[in-house]
Amino acid sequence: MTFDYDLFVIGAGSGGLAASKRVASYGAKVAIAENDLVGGTCVIRGCVPKKLMVYASHFPALFDDAAGYGWKVGNAELDWEHFITSIDKEVRRLSQLHISFLEKAGVELIPGRATLIDSHTIEIDGRKVTADKILIAVGGRPVKPDLAGMEYGITSNEIFHLKTQPKHIAIIGSGYIGTEFACIMRGLGSQVTQITRGEKILKGFDEDIRTEIEEGMTNHGIRLIKNNVVKAVEKVSEGLKLTLSGEDQEPVIADVFLVATGRTPNVDGLGLENAGVDLVASSVEGPGYSTTNAIAVNEYSQTSQPNIYAVGDVTDRLNLTPVAIGEGRAFADSEFGNNRREFSHQTVATAVFSNPEAATVGWTEAEAREKFGDAVTIYRTRFRPMYHSLTGKQERTMMKLVVDSNTDKVLGAHMVGESAAEIIQGVAIAVKMGATKKDFDATVGIHPSAAEEFVTMR
């Protein structure tokens, strides 16, 4: 049978872009469909605009710190409209850049929403095409619990387009999205209340990371309300009134309400049932949520339909941009590059761009103790960074190594503090290679630096 394309990709986000360009480099005829700006969640409404907001949120603290070093800094004021407009311009520039990369790679971009008609046929806004293989890379989307007044809440999609800066923003959700935006908005000068249904933020991260970030957030003026969920939201004259589940908990009044309680694979309307693609339950859970689904795949990102594949957040495996890119390239190499290989989801480093910042790679202490018990040795340091010797601030940095004493292998590395992501990125190479604590000890530190602590802990 003759097909219009060797590969048709649905979704021009990180995974789809990476896969389509690599497949095209192998001489295949490739098309990619996208019904939004090219670039996906990361470029359009995720990593990139969020990190720009993170940078902006650090300036007020830097202005304060400068005084300790003898600088005289005048009154500073944020021009919110300029700030938001500048971010949007950069996002659109990057989107156009990705379009040019597709053109250079020889990938045909088809604007519009793609739907599967059968296992080899795709319809895009009334146009039908066929493909030998199909890759689904449509990512995920934020979801709100089905509770009264949730229509008044915004998600991480809309926060980048607020017309004015919130005086008081209330955030529900204790994951990295809610935590990061709580720190961003507080750094920009807004009053922030974060409401979590558990006892601690950042479930799944190492306990020391969770504790250190919470302490830092509290010290920076963020109000944390724990063990509560929002029961209802209503408009009142002062703004939005959030009624909470705690019997003695007073309602929260804020002018903006951010719902950051989870994301779900973006499978609706894809026509997966027409092509025989199976789904599995995804990880979104909690009060007010209905069951959600992800595309089921094997270790080669192959779905239940042999010629259809899926990568990235739509599979709900490890929802990170570099992972989606890695999965997409592994698919391309396996199916078109004569290099069949799996993408490893083990020992993937990640960061939380909160204030203080955190980064981690490998096993948490709890995971290691569950497997190795008393054989686990923990090396930990907590100190005031040299930078704050003159600022007078009581900021703290925490670094931690999780080691299997049977083999001396470093199972995990964790850090909370300035430049944590930059430092852990380098440490991740050692952990991925199976470095031992003796290897760390034998490495000469760079002095004076915070990073040297990773090779001086005893």
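Two strands are taken to pair if DSSP finds at least two bridges between them, and helices (H or I, at least four residues) and strands (E, at least two) are DSSP runs, numbered from the N terminus. The structure described here is a predicted model, in which local features need pLDDT of at least 70 and side-chain atom pairs count only at pLDDT 80 or more, while totals for chains, interfaces and linings use all residues. Residues are numbered from 1 along each chain as its sequence is written, and side-chain values use heavy atoms, with hydrogens and water left out.

In the hairpin of β5 and β6, 2 residues lie between the strands, and Asp 125 takes a positive phi near 50 degrees. Strand β6 (residues 127–136) pairs with β5 in the antiparallel sense over 4 bridges, and within this pairing Arg 127 in β6 is the bridge partner of Ile 124. On the other hand, β5 (residues 121–124) is also joined by 3 bridges to strand β4 (residues 114–116), and the two run antiparallel. Here Leu 116 stands opposite Ile 122 in β5, and a hairpin of 4 residues leads from β4 to β5.

The strands β22 and β23 form a hairpin with 4 residues between them, and in its turn Asp 408 has a positive phi of about 70 degrees.

Parallel pairing is found in an open sheet of 4 strands, which follow one another in the order β10-β9-β8-β14. The edge strands, each pairing on one side only, are β10 (223–225) and β14 (256–259). Neighbouring strands of this sheet are turned by 20 degrees against each other on average, direction ignored, where axes are lines fitted to C-alpha atoms, for helices over the stretch in contact, and angles run from 0 to 180 degrees between N-to-C directions. Strand β8 (residues 168–172) is joined to β14 by 4 bridges in the parallel sense, and Val 256 in β14 is the bridge partner of Ile 169.

Side chains of opposite charge can pair when their charged atoms come close. With a salt bridge defined as a side-chain nitrogen of Lys or Arg within 4 Å of a carboxyl oxygen of Asp or Glu, a search of the whole structure finds 25 salt bridges. One of these joins the side chains of Arg 141 and Asp 268, with an N to O distance of 3.1 Å. This pair links distant parts of the chain, as Arg 141 belongs to strand β7 (residues 140–142) and Asp 268 to the loop between β15 (263–265) and α7 (272–275), 127 residues apart. Arg 141 counts as partly exposed because its relative accessibility is 29%, and Asp 268 is likewise partly exposed because its relative accessibility is 46%.

A salt bridge also connects Asp 208 with Lys 400, the closest N and O atoms being 2.9 Å apart. This pair too links distant parts of the chain, with Asp 208 in helix α6 (residues 207–219) and Lys 400 in strand β22 (residues 397–404), 192 residues apart. Both Asp 208 and Lys 400 are buried. Salt bridges that share partners join Asp 206, Asp 208, Glu 365, Arg 369, Arg 380 and Lys 400 into one network. The side chains of Arg 340 and Glu 335 meet in another salt bridge (3.1 Å, N to O), in which Arg 340 is partly exposed, with a relative accessible area of 48%.Finally, the second largest pocket has a volume of about 910 Å³. On a 1 Å grid over the protein atoms alone, a pocket is an open set of points with protein on both sides within 12 Å along at least five of seven lines, and lining residues have an atom within 4 Å of a point; a volume is the space filled by probe spheres set on the points, which are joined across faces, edges and corners. Of the 36 lining residues, the closest to the centre are His 58, Ala 61, Asp 65, His 220 and Asn 355. The largest share of the lining, 11 residues, comes from α3.

Conventions
1 Å grid on protein atoms, 1.4 Å probe; cavity = no way out; pocket = protein on both sides within 12 Å on 5 of 7 lines; lining within 4 Å. Buried < 20%, exposed > 50% of the residue type's maximum accessible area, 1.4 Å probe, protein only.
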